[in-house]
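Morning, everyone. Please look at the screen while I talk through this one.

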Amino acid sequence: MSLKDRLTEDMKLAMKAKEAGKLRLSVIRMVRANIKYVEIDKKRELSEEEVLDVLAKEVKMRRDSIEEFKKGNRLDLVENLEHEIDILMQYLPQQLGEQELRVLVAEAVKESQAVSAKDMGKVMAVLMPKVKGRADGKLVNTVVREFLNK
């Protein structure tokens, strides 16, 4: 079952659940609308990878918003966004742990023959296809910088 089909089926289930699935229904509808918007913009159906990109972008936007809401002391909104992220994470591939990420970064550094922070672009070019949708970009960036600044 494709990711878009799974989102549609889960939306139907959330609609049937009425009260219990309101937040879930809202999040799924929002994601489906964003997927549709990108499809209209590109004038074609999205591949599974592109749908994953849309989902990852949604998670990233919410994480960025959480940081801003914490600064503004809006903990009610932070909690709501955390629930939305939990719902979205169910559709993304299993996230890499920090140790797994460190192994992949070490391989990418070796493969790209990077020696300093100036070579970060080379490392990221090798690494990102391997971790796309499976790791937070900020964490990837931090770990790569750590490796290159040793």
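Start with Met30, which is found in helix H2. Is Met30 buried, exposed or partly exposed? Its relative accessibility is 34%, so Met30 counts as partly exposed. That follows because partly exposed lies between the 20% limit for buried and the 50% limit for exposed.

A word of caution before we go on. This is a predicted model. The mean pLDDT of the protein is 91. Residues at 70 or more make up 99% of the protein. Which helix has the highest mean pLDDT among the elements? That is helix H2, residues 22-42, with 95. The lowest mean belongs to helix H7, residues 137-148, with 88.

Now go from Met30 to Glu58. These two are 28 residues apart along the chain. Their C-alpha atoms are separated by 9.3 Å. Glu58 has its place in helix H3, residues 48-71. Why does Glu58 count as buried? Because its relative accessibility is 4%, and buried means under 20%. What does Glu58 touch, leaving aside neighbours within four places in sequence? Its contacts are Val31, Asn34 and Leu88.

Back to helix H2 for another glutamate, Glu39. Glu39 has a relative accessible area of 9%, so this residue is buried too. Set aside residues up to four places away in sequence, and Glu39 touches Lys4, Arg44, Glu45 and Leu46.

Let's step back to the whole protein. How many helices and strands are there? Seven helices and zero strands. Read along the sequence, the pattern is α-α-α-α-α-α-α. The C-alpha trace spans about 55 × 40 × 25 Å along its principal axes. The protein has 150 residues, and 34% of them count as buried. Next, take contacts between residues at least 6 apart in sequence. Of those, 60% join residues at least 24 apart.

Now for helix packing. First pair: helix H5, residues 98-112, and helix H6, residues 120-131. Their axes are 8 Å apart, and the packing angle is about 135 degrees. H5 passes H6 in a right-handed crossing. Who makes the contact? On the H5 side we have Leu101, Leu104, Val105, Ala108, Val109, Glu111 and Ser112. On the H6 side we have Lys122, Val123, Val126, Leu127, Lys130 and Val131. Sort the contact of H5 with H6 by class, and you get nine nonpolar, one polar and three charged residues.

The crossing of H6 and H7 is right-handed. From H6, the contact uses Met120, Val123, Met124, Leu127, Met128 and Val131. From H7 come Val140, Asn141, Val144, Arg145 and Leu148. By class, the contact of H6 with H7 has nine nonpolar, one polar and one charged residues.

One thing to spot on screen. Val123 of H6 is listed in the contact with H5, and Val123 is listed again in the contact with H7. Find Leu127 as well: this H6 residue takes part in the contact with H5 and in the contact with H7.

Notes. Residues numbered from 1 in each chain as written. Predicted model: local features only at pLDDT ≥ 70, side-chain atom pairs only at ≥ 80, totals over all residues. Heavy atoms only, no water. pLDDT = per-residue confidence, 0-100. Helix = DSSP H or I, 4+ residues; strand = E, 2+ residues; numbered from the N terminus. Buried < 20%, exposed > 50% of the residue type's maximum accessible area, 1.4 Å probe, protein only. Contact = heavy atoms within 4.5 Å. Axes fitted to C-alpha atoms, helices over the stretch in contact; angles between N-to-C directions. Left-handed = near helix turned anticlockwise from the far one by under 90°. Nonpolar A, V, L, I, M, F, W, Y, C, P; charged D, E, K, R; others polar.
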